[in-house]
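This report describes a predicted model. It covers confidence, charged pairs, ring contacts and surface features.

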Amino acid sequence: EEYGGDKAFHDLKSFAAEALVPTCNPGNLDACSPDMRKDTEAFMAMTYESLDNLIKGKEKQQEDLQSSFKETFEKLQKNYDEYLLEKEMQIIRAKANVKLIKEVIDAKK
C-alpha cells in the first residue's frame, strides 16, 4: 500500500503499524482470526469447481444487491421528486394567497 500522508515520524509509524502488518491468507494462517482461519481452511479443502461455483454465487449475490439498491434508490428518488414538486406548488399557492390578501387589504383602505 502506498503511503500518501505526512512525513513526520509519528505519522509514518502509525501507517506502518496499521498497513504493514501480516495479512491473513492461505500462506500465512497464523495472521488470521479464528473465524478467518476456519473459512480459509474450508476454502482450501474445496475443489476448484466448488470454489468456482462459490465465486459465481457470491458475484451473483453482489449483482443482486446492487440491482436491489438501484431499484430502491430510484423509487426513493421518484418519491423525493414528487414531494419536492408538491412542496413547491404549495409555496406558490401560499404566496398567491398572501398577495391576494394584501391586495384585499389595500382595496379596503
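Confidence in this predicted model is lowest in helix 1, where the mean pLDDT is 77, and highest in helix 3, where the mean is 97. Over the protein chain the average pLDDT is 91, and 95% of the residues reach a score of at least 70.

**Salt bridges**

How many salt bridges does a search of the whole structure find? The search returns 6.

| Pair | N to O distance |
|---|---|
| Asp52 and Lys56 | 3.2 Å |
| Arg93 and Glu86 | 4.0 Å |
| Glu88 and Lys87 | 3.1 Å |

Asp52 and Lys56 both belong to helix 3. They are 4 residues apart, about one turn of the helix. Asp52 has a relative accessibility of 36% and therefore counts as partly exposed.

The bridge between Arg93 and Glu86 joins their side chains at 4.0 Å; the cut-off for a salt bridge is a nitrogen within 4 Å of a carboxyl oxygen. Arg93 is partly exposed at 44% relative accessibility, and Glu86 is partly exposed at 36%.

In the pair formed by Glu88 and Lys87, the side chains meet at 3.1 Å, N to O. Glu88 has a relative accessible area of 36%, so this residue is classed as partly exposed. Lys87 falls in the partly exposed class with a value of 40%.

Salt bridges also link Asp30, Arg37 and Glu41 into a network.

**Aromatic pair**

The count of aromatic pairs in the model is 1. Why is the pair of Phe69 and Phe73 classed as stacked? The ring centres of Phe69 and Phe73 are 6.2 Å apart and the ring planes are at 20°, so the pair is stacked. The cut-off for stacking is an angle under 30 degrees between the planes.

Both phenylalanines lie in helix 3. The spacing between Phe69 and Phe73 is 4 residues, about one turn of the helix. Is Phe69 buried or exposed? Phe69 is exposed, because its relative accessible area is 56% and the exposed class begins over 50%. Phe73 has a relative accessible area of 46% and is therefore partly exposed.

**Nonpolar surface patch**

Which residues make the nonpolar surface patch of about 290 Å²? The patch is made by Leu85, Met89 and Ile92. Of these residues, Met89 is placed in helix 3, which spans residues 48–108. Met89 has 36% relative accessibility and so counts as partly exposed.

**The loop between helix 1 and helix 2**

Val21 sits in the loop that runs between helix 1 (9–19) and helix 2 (34–45). With a relative accessible area of 40%, Val21 is partly exposed. How far apart in space are Val21 and Ala31? The C-alpha to C-alpha distance between Val21 and Ala31 is 8.8 Å, and the two residues are 10 apart in sequence.

Key
Residues numbered from 1 in each chain as written. Predicted model: local features only at pLDDT ≥ 70, side-chain atom pairs only at ≥ 80, totals over all residues. Heavy atoms only, no water. Patch = residues over 30% accessible without salt bridge, like charges linked within 9 Å, V, L, I, M, F, W, Y side chains within 5 Å. Areas by Shrake-Rupley, 256 points an atom, 1.4 Å probe, with all protein chains shown as cover. Helix = DSSP H or I, 4+ residues; strand = E, 2+ residues; numbered from the N terminus. Buried < 20%, exposed > 50% of the residue type's maximum accessible area, 1.4 Å probe, protein only. Phe/Tyr/Trp six-rings, centres within 6.5 Å; stacked < 30°, edge-to-face > 60°. pLDDT = per-residue confidence, 0-100.
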